[in-house]
Amino acid sequence: MTQETKPRALNRLKSMYALRAEVDRMYEGGVEASEEGKPVAWVMLEGWSNAILNAMGVKTVFPENYSSLCAAQGMAEPFMERSEAEGWPSHLCGYARASVGYSARMVDVGGKIPPEAPGGGMPKPTLLVASGETCDARFKWFQSLGRFFDAPVWTLESPSPGIRERLSSETYERNVQFLIKELKAFVAFLENLLGKKMDWDMLEFTGGGTNEINRLRWEINELRKSRPGPMHTRDFWSVMTAALFRGAADPEVIIEGHQKMYDEVTERVEKGIAGINRPEKYRMSFEGLPPWHTLGFLDQLAERGWNFVIESAYRPMRPRTVDLSMYDDPMERYVRRRYRSLEESLQEDYEPDEVEAIKNEIIRDGTSSRLGLKHISDYQVDGVVLHVLLTCRATSAGLNLLQRKILDVLKVPSLVIEGDIIDASAFNAAEALRKAEAFEETMDHYRKVRKELGMPW
Amino acid sequence: MVRIYFAGIDLGSTMTKVVILDEDEQVCAYVVNHTGAEHRRLANKVMEEALIQAGLCIEDMSFIMATGYGRINVPFADKQITELTCHARGIASFFPNVKLAIDIGGQDVKGLKIRNGKLLDFVMSDKCAAGTGRFLEVTAETLGLKLEDLGRISLGSTQKISVSSTCTVFAQQEVVNHLSNDVPLEDVVAGLHDAIASRVARMVRRLKVEPDVVFTGGVAKNIGVVKALAESLGCPILVPEEPLLSGAIGAAIIGKELTFKALANGETIQTGERRLEEATFFK
Amino acid sequence: MTSEVSKGLTRSIELYQDRSSRVKELRAEGKKVMGYLCIYPVLEMMTALDIVPYRIFGDLHEPVTEADSYMPAVNCPFLRSCLDIGLKGKYDFLDGIVTSHICDVGSTLSSIWIYALKPPFSHHIDMPHTLHETALAQEKGLLEDYKKALEGLSGKEMTSEALEAAIRVHNEQRALVRELYELKKLNPPLISGAETIQVIKAIESIPVDEGNQLLREVISEVKERSNGPQKKSSRLLVWGSIIDDTAMMEMIEGLDANVVMDDTCVGSRPYFDDVEITDDPLDGLAYHYLVDIKCSRTFRVNNYMDVHKDYMKDLEIRFSYLKDYADEWKADGVIMESVRYCDTHGYDVPGIRDYLDSIGLPSVYLEHDYTEGALAPLRTRVQGFLEIIG
Ligand code: SF4
Ligand code: SF4
């Protein structure tokens, strides 16, 4: 067999490992804080609460991420079983169910970290911060954990008007005021809970760090447009945790790690080195959340020359500089630095005539079929893998629609793969591989179609 | 003194079971037969067989209770009660300390929480075949084995495989893969038993696992699954001598209790016509 | 116009079976008919502009064939059914559709509907999730947007007077539904759970004033009749997500039980609280739709600024209305029902079970995939439950 001499299919970035190690440190930090009697919050991935909590000295841990960590180590199953035994319906979000089981186990062992917990575990929460963003699970699930902890739950409300309304500047201003008020109420709640005052200077610092990390992630992703794609989706997923779920980790360390990664990717681009050790036959995008339990599946695809050059989840926002000098209120500065209008996002992302066309479509139809596709053309993707999750409605319900749009507008085909984020039993790797093989012909066909239409790739 | 008799008929999705008890709850006769599509209407035939075995006629039955999936289609029954209640009653009659009963039949899995012989709560699997007798049947077919041999074969396993999929179709594919990789048959079969056991254990845990745990239904005859289930639940498991009969026995006992209660109150018990007819429809 | 119009329960059944018959007549007369999904698209605002609200339902008896290519199977089977019959052209007569953020899939359905069916008018109300002060203000802001959109469609201004008048008629409808539910307190109840669904579905298929007329007819007819439901051993309260077909109620009521009360959205849920008429009517409407209506889609706590948490107290605040229902309607058991893949209701199941256990009310959870075939296995569960509580 020649296999032994062949390098592994994925060409992983060296700078990735250091960032991934930070994640372990983050969980350790949470446990230490709790041991020292410091407050710990269980939080969701969203743009607002984390920096505020950290500025108030609250360590943050992320059950969403922790569940994926359990799944990646093959440890999620017993927690999910337990959640079923506790009476949570089995179709609910895998992240949620794993954390329900984990919480139940915590109660079994007297509020401590269960001994079987991977990665050091998550300490008992002082409070839970749920989110009104992204999906229903993220605000229903923390409330349902009430059976295990008498920790208060704050659901961070977020403004989400219809897309047509989002074009109006009035609505934008309304949403900004909404966020300022909501976050101030949250701060008041925290001050009351913790018996201490918000450190606004600290917020400028923790919030500022986030912006810098985001900028670097954005720059790295820009580099990924080159041919061959220098960084594989798996590397992106591995470091995403350090960048986004970074708890109270030192922002400087994460920034430095990303700086190194930027340098490494730049070098690869210059030398024409790819994120896979095989010829890049197909440039791919992964739409939806990762199959944490079987990430190696992507390696098998890499073996066939599939290079995942971009992905839909956890993408950074385009960095921006805004003049905030006219705002005295630190919370207003915090909100305005991050929250942008639809108009602004469109201006940034599209050419002026395209912006007009999209706006007209939105006003006429209430949606535009061009939205959400830009990365497919920017990264000159040959095929898209759509990961339909058994337990996640939010990221799955719209995938068929996306599939149609990508094909209609960009002539790029998609391969639907059913599975789950956590539940390995929902995924049939052998069958998915068979489908993938057949899908190559489809991708070849659409390559020709695009050529005939004079599209750039 | 005239002896009186009670019949319980359990029309399950794959098996039909009839039991005739006397007033001391002694079994006078029992018959187990395939329900099978063509036999669905033949509840009367199974009943007849049991009567012949007992040397009795239908008029001798003081009460006939029907239970099981097809309970509404037994025209000569006096009353219908679900298999949930009947199983609980039947199992408690031979294991009075039962707290949790698990019944794995051809098409479904039931978990029963029982206290002092009374059903308190239950869980039931939905229509998916995974974890049921049907699943094992398909497996036996795939492997070219006899269903009843699976249990014995699995006992020889030294290193059972792990089957990650709980879906019947996926699991069969996994089995084929393992066999083509030269994994010993006994390890594959033991792995499948494990998969069933952990799925069932997962389901019944909501009822709290406390001894005595009793296992009934066709699959309880498979020693491999019994062993795997005991491991998954972490506690010993009791299996009645004839694990298929608990529903029918429970049905007959409940019929007896109703009759005696009515007699004690000086009421006459309402019974239907004693005509051994085919069921005319099956919904 | 039909000359001989039937009345009361007969009329309800007719409308239940042929829902669009009346609105199609009205369209022919030049009225606008607006489809809406779920109970949140503030019907008062449509009525105020003389637009007829017409609720979109699925069809449990129709196999899903078209929706598959737009929405994966692991999503709310009710919404998939709505989409499916929409794709089959059965809602083509509508002048538009208004949706809201009932749940994630509800919002996604809205985009799919717009993309695939290109309705002449569409509007989505992306409701907030909490009862925070900011959320209430946001809801009001969203209603202002909605108002503008409706005004644009009808070419008329929505005056406060017209809106107030509309609130009054809708409140009248709510009062009439509650009056009907009073008749379910008797033993046996004067109207069955299955008939109740027929009536509610009927009034959600015609203009509100006609619905009120129909309700009056039904109430007086039901009070007089002698062929109502039989007395049964158990009286049940049904909690859950949507039940827009009589099949499940018929299955339950075919056993030894009467369904005497419900907390579902083709039932009491949209009708049990009135809308308060406030200086700016939008305030009262925002409050009603966000705070009053108790559906799992909304995150409720007693006082969200309270830093102390007590699980049982929390459950009581969220679910004690179920105890009130059970007390007043003398229910001795609760069926918790949900379509599979409904997240918002699913997460509430353990908490409601804990609450009902704490007050000693037995319950059973039924999950189904919104097909006829799903009902047979459920029958055993319900009957087993009745045997336990009986
Ligand atoms: S988006 Fe999906 S995976 Fe993430 S929390 Fe929500 S339901 Fe779970
Ligand atoms: S039943 Fe659940 S998933 Fe379906 S529309 Fe209602 S809230 Fe959404």
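Colleague: Which element gives the largest share of the lining of the largest cavity?
Modeller: This is a predicted model, with local features needing pLDDT of at least 70, side-chain atom pairs counting only at pLDDT 80 or more, and totals for chains, interfaces and linings using all residues. Residues are numbered from 1 along each chain, chains are lettered from A and ligands numbered from 1 as written, and side-chain values use heavy atoms without hydrogens or water. Elements of chain C that give two or more residues to this lining include α4 (77-87) and α5 (104-117) (helices are DSSP runs of H or I, at least four residues). The largest share, 3 residues, comes from α13(C).

Colleague: How many cavities of 30 Å³ or more are there?
Modeller: A cavity is a set of points on a 1 Å grid where a 1.4 Å probe fits but cannot get out; lining residues have an atom within 4 Å of a point. By this rule the count is 11.

Colleague: What is the volume of the largest cavity?
Modeller: Its lining has 22 residues, and C:Ile102, C:Cys103, C:Cys342, C:Thr344 and C:His345 are the closest to the centre. The volume (the space filled by probe spheres set on the points) is about 290 Å³.

Colleague: Which helix gives the most to the lining of the second largest cavity?
Modeller: This cavity has a volume of about 210 Å³. Among its 18 lining residues, C:Tyr36, C:Leu43, C:His170, C:Gln173 and C:Tyr271 lie nearest the centre. Elements of chain C with at least two residues in the lining include α11 (281-292). The most, 3 residues, comes from α7(C).

Definitions and conventions:
On a 1 Å grid over the protein atoms alone, a cavity is a set of points where a 1.4 Å probe fits but cannot get out, and a pocket is an open set with protein on both sides within 12 Å along at least five of seven lines; lining residues have an atom within 4 Å of a point.
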